[in-house]
Amino acid sequence: MKTYIVKDYDEMSKKAASILAAQIVADPESVLGLATGSTPVGTYRYLRKWHEEGVLDFSGICTMNLDEYRGISKENSQSYYHFMVENLFSHVNIKRENTYIPDGTRKDSGAVCREYEDLIQRKGGIDLQLLGIGRNGHIGFNEPSDCFTEKSHCVSLARSTMEANKRFFEKAEDVPKEAYTMGIGTIMSAEKILLLVCGSDKAEAMYQTICGPITPEVPATVLRLHKNVIMIADEAAMSKVKSE
Ligand code: PGA
């Protein structure tokens, strides 16, 4: 795992955006795996800026998002689709038909997940997958478990994840309990992975990811088995790793 330790969120975001931009310039028809949450917001801000400045062209880019809440429609302001539109898609010249996120309103979870996997295959696989990490070490919505999941699937969210997501919802009972997510195998099939970690609340997850045993109880630990991972972490996220 190639690791960059940066000062703060802005430095992390700029570096991550540079890596994504390099991918887009090198292969204007790249398939990018994208992530939601607080972590990549700054990265998307830089990508938008560079697009506005005429440096980045998204017209040939295809995106596949990691996950989506089950039971929430695209129009819902809490959906990950909505997040992507607000933070990136509506600001760049990507073709909306080339942006893919599992449809949270569909109840036939088996078919939703199978079709998503088939789609990734048909697109030739993911060239560069952007990832954040949960406080419990989850990646996508692959929660701590006793086995690594292979393919896209429907998950029940961990209590700690629902707790962390509460901040985005008006009422605690509105927080979705299930989601569709790429599996660990799907993520590990990406050609390159870009992992972003920021803040002291991720320090324990970071410590486990780097120094702990590789275990599905901390899903991000599996990334140590991937041949091409770049991690950008700020000093606060690395505080526990450095002090050991
Ligand atoms: P965050 O979430 O970026 O909002 O911290 C990351 C994650 O849960 O994967």
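By contact I mean heavy atoms within 4.5 Å. I'm working from a predicted model here.

**Entry: His153**

I started with histidine 153, which sits in strand 7, residues 153-156. Buried or exposed, I wondered of histidine 153? Its relative accessibility comes out at 17%, and the cut-off for buried is under 20%, so histidine 153 counts as buried. Next I listed what histidine 153 touches, skipping neighbours within four places in sequence: Cys113, Asn142, Ala179, Tyr180, Thr181, Met182 and Gly183. I also found a polar atom of the histidine 153 side chain 2.8 Å from the backbone oxygen of lysine 151.

I then traced an open sheet of seven strands, paired in parallel, in the order 1-10-9-6-2-3-5. Strand 1 (2-6) and strand 5 (99-100) are at the edges with a single partner strand each, so one side of each has no neighbour in the sheet. Methionine 64 is opposite tyrosine 100 of strand 5. Helix 1 (residues 9-26) packs on this sheet and touches strands 1, 2, 6, 9 and 10. I noted about 165 degrees between the directions of helix 1 and strand 9.

**Entry: helix 2 against helix 3**

Last, I checked how helix 2 (residues 41-52) packs on helix 3 (residues 80-87): the angle is about 40 degrees and the axes are 10 Å apart. That makes the pair oblique. From helix 2 I have Val41, Tyr44 and Arg48, meeting Phe83, Met84, Glu86 and Asn87 of helix 3. Sorted by class, I get four nonpolar, one polar and two charged residues in this contact.

Methods
Residues are numbered from 1 along each chain as its sequence is written. This is a predicted model: local features need pLDDT of at least 70, side-chain atom pairs count only at pLDDT 80 or more; totals for chains, interfaces and linings use all residues. Side-chain values use heavy atoms; hydrogens and water are left out. Two strands pair if DSSP finds at least two bridges between them. Helices (H or I, at least four residues) and strands (E, at least two) are DSSP runs, numbered from the N terminus. Axes are lines fitted to C-alpha atoms, for helices over the stretch in contact, and angles run from 0 to 180 degrees between N-to-C directions. Buried means under 20% relative accessible area, exposed over 50%, partly exposed in between (1.4 Å probe, protein chains only). A polar contact is a pair of N or O atoms within 3.5 Å; within protein, one must be able to donate a hydrogen and the other to accept it, and residues adjacent in sequence count only if both atoms are side-chain atoms. Angles under 35 degrees count as roughly parallel, over 145 as roughly antiparallel, 65 to 115 as roughly perpendicular and the rest as oblique. Ala, Val, Leu, Ile, Met, Phe, Trp, Tyr, Cys and Pro count as nonpolar, Asp, Glu, Lys and Arg as charged, and the others, Gly among them, as polar.
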